[in-house]
Amino acid sequence: NYIWEFCIDESLKRIYPPSEIPNYTDQSMSYDTDDGEQINELSARELLVQRLQQPSAVSAHLVVAPGGMGKTSLCLAVAAKLYHRKDLKCSVVLIQAEFIKRYVAENGVLGARIDSMFQLYELYARYHHSDQVFDRNTFELAFLSGSLVVIIDGLDEFVSLFPDTFNLDVFLASLAEFHGELGSSAVLLTTRNSQLVEFARLDELAIERHNLLGFDRATCEAYLRRRFRKYSEGKAIAAKVQSQIDKVQLHDPDGRVVPFFADIAATVVEDGIRDN
């Protein structure tokens, strides 16, 4: 509390709020145990918001899922939820690999090594051309004390984007080192690559892995109802789209649907409504 009140400038306490994906619908996550895969009781957003706002033995939370499963949507939803928590004394920094790729495409690949969270934050700040930027000492103090929640969406993309300068092992070890100081640092990471880090290394670094599962039938229906609620026949349209999803068997053997596929199916129908 002292660090938040007296060591961080007011202009840095409220970084611009992220915009959530329209019609965001929460989904489930699972974690692996010796007895197999277990599904968390809380939804993905609820669980991560809860974990990121309190000290724990975990140095980072790693969410793993293939493309189209909603990792970016989840990051935006978590960031927005934390940002609007008036009782939570922290700032939120969301670093998206997609935007860093744009920056690199326009300005070229940097030669400096990226071995720490602050160096990734510098890239993020350059992309946004922000006038309100943490200096290294303030950033690390805020991060160390839990006054700064950092969300990195697309960890695997940084590995491919900076093959010669981004040392993933050193970067993850730095997160564990920071967390070992006060046990208060809060980090959320996402990746498409399930083989990015070995399980043994995750345990060694106290990184907690979660698997994003996609929509079950109830959440898919909730998403479609939310998507079409602005139309007078919204419920009927949502039911029609759900029927089409079932008909073309977009779901997996467990009955779950990749959110991207649900979005495509809904977009096709919505485009037809607009054309009429």
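Which residues of helix α3 (residues 44–52) are buried? The legends below, which describe close-up views of a predicted model, begin with this helix.

**View 1. The buried residues of helix α3 and the elements that surround them.** Helix α3 spans residues 44–52, and its buried residues are Ala44, Leu47, Leu48, Val49 and Leu52. An α-helix has 3.6 residues a turn, so residues three or four places apart point the same way. The buried residues of α3 pack against strands and a helix from several parts of the chain, namely β1 (29–33), β3 (60–64), β5 (148–153), β6 (186–191) and β7 (207–212), together with helix α4 (71–83).

**View 2. The packing of helix α5 against helix α6.** Two packed helices are described by the angle between their axes and the distance between the axes. For α5 (residues 97–107) and α6 (residues 117–128), the angle is about 70 degrees and the axes are 9 Å apart. Angles of 65 to 115 degrees count as roughly perpendicular, and α5 and α6 are therefore roughly perpendicular to each other. The crossing in which α5 passes α6 is left-handed. On the α5 side the contact is made by Phe99, Ile100, Arg102 and Tyr103, while α6 contributes Leu123, Tyr124, Arg126 and Tyr127. Sorted by class, the residues in this contact of α5 with α6 are six nonpolar and two charged, with no polar residue.

**View 3. The packing of helix α7 against helix α9.** The axes of α7 (residues 136–145) and α9 come within 8 Å and cross at roughly 65 degrees, so that these two helices, too, are roughly perpendicular to each other. The crossing of α7 and α9 is right-handed. The residues that make the contact are Glu140, Phe143, Leu144 and Ser145 of α7, and Leu175, Phe178, Glu181 and Leu182 of α9. By class, the contact of α7 with α9 has five nonpolar residues, one polar residue and two charged residues.

**View 4. Ala176 in helix α9.** Ala176 lies in helix α9, which covers residues 168–182. Is Ala176 buried or partly exposed? With a relative accessible area of 21%, Ala176 is partly exposed, because the term buried is kept for values under 20%. When residues up to four places away in sequence are not counted, Ala176 touches Ser59 and Leu205. The C-alpha atom of Ala176 is separated by 40 Å from that of Leu224, a residue 48 places away along the chain.

View 5. Asn23 is partly exposed, at a relative accessible area of 22%.

**View 6. The cysteines Cys75 and Cys220.** How many disulfides does a search of the whole structure find? The search finds zero disulfides. Cys75 counts as buried, with a relative accessibility of 1%, and Cys220 counts as buried at 0%.

Key: Residues numbered from 1 in each chain as written. Predicted model: local features only at pLDDT ≥ 70, side-chain atom pairs only at ≥ 80, totals over all residues. Heavy atoms only, no water. Buried < 20%, exposed > 50% of the residue type's maximum accessible area, 1.4 Å probe, protein only. Helix = DSSP H or I, 4+ residues; strand = E, 2+ residues; numbered from the N terminus. Contact = heavy atoms within 4.5 Å. Axes fitted to C-alpha atoms, helices over the stretch in contact; angles between N-to-C directions. Parallel < 35°, antiparallel > 145°, perpendicular 65-115°, else oblique. Left-handed = near helix turned anticlockwise from the far one by under 90°. Nonpolar A, V, L, I, M, F, W, Y, C, P; charged D, E, K, R; others polar. Disulfide = S-S within 2.5 Å.
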